[in-house]
Amino acid sequence: MLSRFNIHQPWKVRFFSRSIGNPDAILVVGSCSSSSLVPSDNLTTKPSSDQDRIFPLNKLIARHVRSGDIDGALRVFHGMRAKNTVTWNSLLVGFCKDPSRMKEAQQMFDEIPEPDAFSYNIMLSCYVRSGNFEKAQSFFEKAPFKDAASWNTMITAYARRREMEKARELFYAMTTEKNEVSWNAMISGYVECGDLETASLFFGEAPVRGVVAWTAMITGYMKAKKVELAEAVLREMTVEKNLVTWNAMISGYVENSRAEDGLKLFRAMLEEGTRPNSSGLSSVLLGCSELSALRFGRQVHQIVCKSSTLCNDITALTSLVSMYCKCGELGDAWKLFQGMEMRDVVAWNAMISGYAQHGKAEKALSLFNEMRVNKKTRPDWITFVAVLLACNHAGLVDTGMEYFDSMVRDYRVEPRPDHYTCMVDLLGRAGKLEEALELIRSMPFKPHAAVFGTLLGACRVHKNVELGELAAEKLLELDPSNAAGYVQLANIYASRNRWEDVARVRKRMKQSNVVKVPGYSWIEIRNKIHHFRSSDRIHPELDSIHEKLKEMEKKMKVAGYKPELEFALHDVEEEQKEKLLLWHSEKLAVAYGCLKLPEGSRIQVFKNLRICGDCHKAIEFMSEIERREIIVRDTTRFHHFKDGSCSCGGYW
């Protein structure tokens with residue numbers, strides 16, 4: 001086999017390594033030196049006139065390969081009177097990109113008169129890409145020449161498969177000098193496996209740390225919710241940050257409930273002159289949705305419109321549609337959706353989900369039918385979550401059951417935990433608690449915590465203590481630190497005036513060191529966010545807010561409002577209960593909006609928990625008294641209050 005190599009050729013290796021966030025990049029490929037685009041002397045078998053034609057034809061083959069036209073490259077190849085090793089290698093790269101052409105690649109390799117190191121490395125990459133690791137390992141072991149690219153291809157392949165013991169064994173067995181790609185593969189591999197301790201050791205030992213290694217560590221710490229360590233890595237970076245680094249930090253902030261920091265970092269990235277891509281914008285727009293930062297989201301929309309690449313990017317446009325839906329601007333979302341030249345299933349899902357969240361079930365289901373019938377777009381499992389959510393919010397029990405059954409029957413979409421959670425919610429809200437419990441018992445996999453939490457919420461609505469206790473017990477078995485389980489059970493007891501049981505639940509919660517997530521609401525006034533907690537004592541204009549609430553309460557009671565005292569979850573006198581209810585966070589936010597926003601203008605409030613029953617009833621009256629549309633987004637949906645009624649019809 002060694003005779004097939006020009007062993008006196010000075011070899012130089014070129015590497016292409018996978019960067020974080022680009023799963024489609026070629027693994028690792030090595031090329032021969034001096035230039036592998038020029039044949040070595042001992043490969044010259046044709047007159048110089050033929051040789052003069054090889055170079056431009058090789059370039060033409062490479063152009064076809066880059067554009068994905070392998071058959072066009074083959075036509076040029078077969079029309080050539082003379083070829084050199086570069087010719088064969090260029091075509092082999094094309095076959096390598098398509099695993100279905102593995103046999104052709106093997107045949108092509110076998111026909112190369114004098115394969116070089118690049119030939120062997122391309123073929124090795126072919127085996128890896130096709131998933132035939134046994135063949136790849138055998139080919140690697142038998143290769144007559146192994147350069148750093150050969151070793152890196154195998155190390156990277158095992159690291160991607162999370163087989164770190166094999167990757168580590170090869171890493172230390174390398175007979176060539178380890179380079180940056182070698183270290184990157186090990187660091188990224190351990191990060192992907194969640195072994196940050198070992199990843200950190202390799203990171204510390206690496207003689208050269210490029211942007212890939214730094215970004216891998218940031219990604220790992222963010223995934224492990226160690227935000228401070230990720231920030232420390234970013235501060236200590238000794239190389240220039242690239243777009244992938246920025247995206248890792250921004251998405252990490254958003255995923256770790258620090259969306260505000262993510263948006264600040266995005267601004268800093270723009271100020272440094274780095275242009276965003278669709279992946280980064282998706283994280284930024286998700287952060288806007290979580291913060292209800294509509295103004296920031298509109299600024300991102302302007303960035304998209306001004307970019308020649310992003311203005312037609314389906315991922316960026318879909319993220320904008322989703323952001324507008326979640327920030328309450330359903331009309332803007334619909335205009336943007338209608339203007340999209342192309343829509344994939346993700347875009348349809350975003351718009352259907354938007355209508356479902358806003359309680360517009362009829363429009364959501366109509367859009368679903370248009371998607372699958374007129375546009376011939378096949379729904380996926382997320383589509384059905386949105387469809388079931390639409391049925392849920394409208395109380396369409398029979399329709400929801402029909403769609404749930406059709407998932408497997410008509411579309412071969414296997415139900416997932418999210419679908420069962422939607423169905424339990426649908427049945428539970430309709431008062432069909434026993435049927436909901438039976439559905440949980442029929443699940444083909446072990447019930448998850450969320451499904452029992454959903455059942456517990458339904459028991460709270462319908463004041464079913466017995467079933468609520470069962471749901472709470474199951475929920476806390478699966479997730480002992482779930483504060484909602486304790487709170488919902490305590491609320492059920494409180495609604496029945498079982499204050500001793502409420503105290504018992506709270507004591508158990510304290511003993512388990514479980515802390516309740518405090519409820520709060522917020523409203524944006526003149527580009528500033530104002531937060532309110534129940535019985536707030538911090539806001540500087542609290543006196544004016546209380547006066548406004550007292551004024552509205554008098555008018556509401558004249559109009560027929562009676563406080564629903566069961567939602568005051570403390571064992572105190574009725575007068576005190578009314579006062580506590582009046583100071584709930586969503587009422588404080590609405591009152592502040594009435595004080596600060598122009599008369600008759602829309603008020604939009606956001607809440608981190610489910611809106612309480614008394615607040616829902618009170619805001620219906622407020623919308624009529626103040627002659628305003630009031631929109632409240634809680635954790636499950638949007639409530640549009642207008643002229644004394646809500647879009648949910650009292651069903652949520």
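**Figure 1. Strands S1 and S3 in the predicted model.** Strand S1 (residues 520-525) and strand S3 (residues 603-607) run antiparallel and are joined by three bridges, in a model that is predicted. Ser521 has Lys607 as its bridge partner in S3, while Ile523 stands opposite Val605 of S3.

**Figure 2. The hairpin of S1 and S2.** S1 also runs antiparallel to S2, to which six bridges join it, and Tyr520 stands opposite Arg533 in S2. The two strands form a hairpin with two residues between them, and in the turn Arg526 has a positive phi of about 50°.

**Figure 3. Helices H3 and H5.** The axes of helix H3 (residues 85-96) and helix H5 (residues 117-129) are 10 Å apart, and the two helices pack at an angle of about 10°. Because angles under 35 degrees count as roughly parallel, H3 is described as roughly parallel to H5. On the H3 side the contact is made by Thr85, Asn89, Leu92, Val93 and Cys96, and on the H5 side by Phe118, Ser119, Ile122, Met123, Ser125, Cys126 and Arg129. Of the residues in this contact of H3 with H5, seven are nonpolar, four polar and one charged.

**Figure 4. Helices H13 and H15.** Helix H13 (residues 243-255) and helix H15 (residues 278-291) have axes that come within 9 Å and cross at roughly 25°, and the two helices are therefore roughly parallel to each other. Their crossing is left-handed. H13 contributes Asn247, Ile250, Ser251 and Val254 to the contact, whereas H15 contributes Ser279, Gly280, Ser283, Val284, Leu286, Gly287 and Glu290. The residues of the contact of H13 with H15 comprise four nonpolar, six polar and one charged.

**Figure 5. Helices H15 and H16.** H15 packs with helix H16 (residues 294-306) at an angle of about 155°, the axes being 9 Å apart, and the pair is therefore roughly antiparallel. H15 passes H16 in a left-handed crossing. The contact is made by Leu281, Val284, Leu285 and Cys288 of H15 together with Phe296, Gly297, Val300 and Val304 of H16.

**Figure 6. Annotated repeats along the chain.** In the span of residues 242-276, which is 74% helix and 0% strand, the end C-alpha atoms lie 11 Å apart. Residues 313-343 are likewise 74% helix and 0% strand, with end C-alpha atoms 10 Å apart.

Conventions: Residues numbered from 1 in each chain as written. Predicted model: local features only at pLDDT ≥ 70, side-chain atom pairs only at ≥ 80, totals over all residues. Heavy atoms only, no water. Helix = DSSP H or I, 4+ residues; strand = E, 2+ residues; numbered from the N terminus. Axes fitted to C-alpha atoms, helices over the stretch in contact; angles between N-to-C directions. Parallel < 35°, antiparallel > 145°, perpendicular 65-115°, else oblique. Left-handed = near helix turned anticlockwise from the far one by under 90°. Contact = heavy atoms within 4.5 Å. Nonpolar A, V, L, I, M, F, W, Y, C, P; charged D, E, K, R; others polar. Pairing = 2+ DSSP bridges.
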